[in-house]
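Me: I would like to go through this model with you, starting from the pairing of its strands. Could you take my questions one at a time?

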Amino acid sequence: MTGPQDALLTLTAIGRRAGVGRVAVATWRRLHEDFPPAVGGSEQSPHFDADQVDAWLRLHGKVSDDDEAPPTPPARIDFGDGRVVTMRAPRLADHGDRRELGGYVDPDVSVPWPTATVRVEMTNAEPFEVADAQIDLKSYGQPWRYLRLSWRTAARTAADPEGSISPARP
């Protein structure tokens with residue numbers, strides 16, 4: 001840290017460090033008695049000591065101790081209608097008979113809603129296609145929006161090697 005201003009964090013800055021929104025950090029502050037106390041700012045915009053916050057985040061498993069871990073490479077989401085979206089920090093999760101892919105996209109991105117057939121390209125995975133993926137796009141007041149695609153496991157197929165999306169099913 002290079003100066004006193006660098007040593008102070010807002011709720012939004014803490015959220016960025018932990019990969020969550022400001023509301024999540026405010027909730028942690030309310031629910032955890034050991035959350036670091038505000039050291040400045042105002043009631044509406046409190047400031048926190050960065051070293052105390054970093055220690056608390058590590059203690060509670062909100063961030064990794066491994067500073068050397070490389071960032072997750074972005075994923076490419078093709079909606080087949082000319083819209084291609086870059087998803088940052090993509091996370092693929094398995095929920096039994098459902099799968100989910102979520103990550104951050106630019107705030108001005110336009111995606112179809114409520115469902116679409118998509119082609120997904122991710123590092124360390126073969127490209128795949130999902131028919132009728134449910135689409136959820138959230139904005140948490142940050143410079144990014146969170147895009148979540150979810151589908152039944154059976155709806156995922158290997159993608160066309162030519163890069164095109166299969167025609168929609170009747």
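Me: In S6, which residue is the bridge partner of His95?
Reply: The bridge partner of His95 in S6 is Arg98. Please keep in mind that this is a predicted model.

Me: How many bridges join S5 to S6, and do they run parallel or antiparallel?
Reply: S5 and S6 run antiparallel, and six bridges join them. The two strands form a hairpin with two residues between them, and Gly96 takes a positive phi near 70 degrees there.

Me: And which residue in S9 does Arg98 stand opposite?
Reply: Arg98 stands opposite Arg152 in S9. S6 and S9 pair over eight bridges, in the antiparallel sense.

Me: How many residues of S6 are buried?
Reply: Six of the eight residues of S6 are buried, so the strand is mostly covered.

Me: Buried or exposed?
Reply: Trp28 has a relative accessible area of 11%, and the limit for buried is under 20%, so Trp28 counts as buried.

Me: What does Trp28 touch?
Reply: Leaving out residues up to four places away in sequence, Trp28 touches Ala18, Val20, Phe35, Trp56, Leu57 and Lys62.

Me: Now the charged pairs. How many salt bridges does a search of the whole structure find?
Reply: The search finds eight salt bridges. One of them is between the side chains of Asp54 and Arg17, at 2.6 Å from N to O.

Me: What does that pair tie together?
Reply: Asp54 lies in helix H3 (residues 50-59) and Arg17 in helix H1 (residues 11-18), so the pair ties together parts that are 37 residues apart in sequence. Asp54 is buried, with a relative accessible area of 18%, whereas Arg17 is partly exposed at 36%.

Me: Which residue forms a salt bridge with Arg76?
Reply: Glu121 does, and the closest N and O atoms are 3.5 Å apart. This pair also links distant parts of the chain, with Arg76 in strand S4 and Glu121 in strand S7, 45 residues apart. Arg76 is partly exposed, with a relative accessible area of 34%, and Glu121 is partly exposed at 26%.

Me: What about Asp136 and Lys138?
Reply: Asp136 and Lys138 form a salt bridge as well, their closest N and O atoms being 3.8 Å apart. Salt bridges that share partners join Glu100, Asp136, Lys138 and Arg148 into one network. Lys138 counts as partly exposed, at 37% relative accessibility.

Me: A change of topic: where is Ala38?
Reply: Ala38 is in strand S2, which covers residues 38-41. At 36% relative accessibility, Ala38 is partly exposed.

Me: And which residues does Ala38 touch?
Reply: Not counting residues up to four places away in sequence, Ala38 touches Arg29, Pro46, His47 and Phe48. The C-alpha atoms of Ala38 and Asp49 are separated by 7.5 Å, and these residues are eleven apart along the chain.

Me: Last, confidence. What is the mean pLDDT of the protein chain?
Reply: The mean pLDDT is 83, and 85% of the residues reach 70 or more. Over residues 1-5 the pLDDT is below 50, and this stretch has six contacts in the model beyond near neighbours in sequence. Where pLDDT is low, the predicted coordinates should not be read in detail.

Me: Where is confidence lowest, and where highest?
Reply: Confidence in the protein chain is lowest in strand S10 (residues 156-158), with a mean of 78, and highest in S4, at 96.

Note on methods:
Residues are numbered from 1 along each chain as its sequence is written. This is a predicted model: local features need pLDDT of at least 70, side-chain atom pairs count only at pLDDT 80 or more; totals for chains, interfaces and linings use all residues. Side-chain values use heavy atoms; hydrogens and water are left out. A salt bridge is a side-chain nitrogen of Lys or Arg within 4 Å of a carboxyl oxygen of Asp or Glu. Helices (H or I, at least four residues) and strands (E, at least two) are DSSP runs, numbered from the N terminus. Buried means under 20% relative accessible area, exposed over 50%, partly exposed in between (1.4 Å probe, protein chains only). pLDDT is the predictor's confidence in each residue, from 0 to 100. Contact means heavy atoms within 4.5 Å. Two strands pair if DSSP finds at least two bridges between them.
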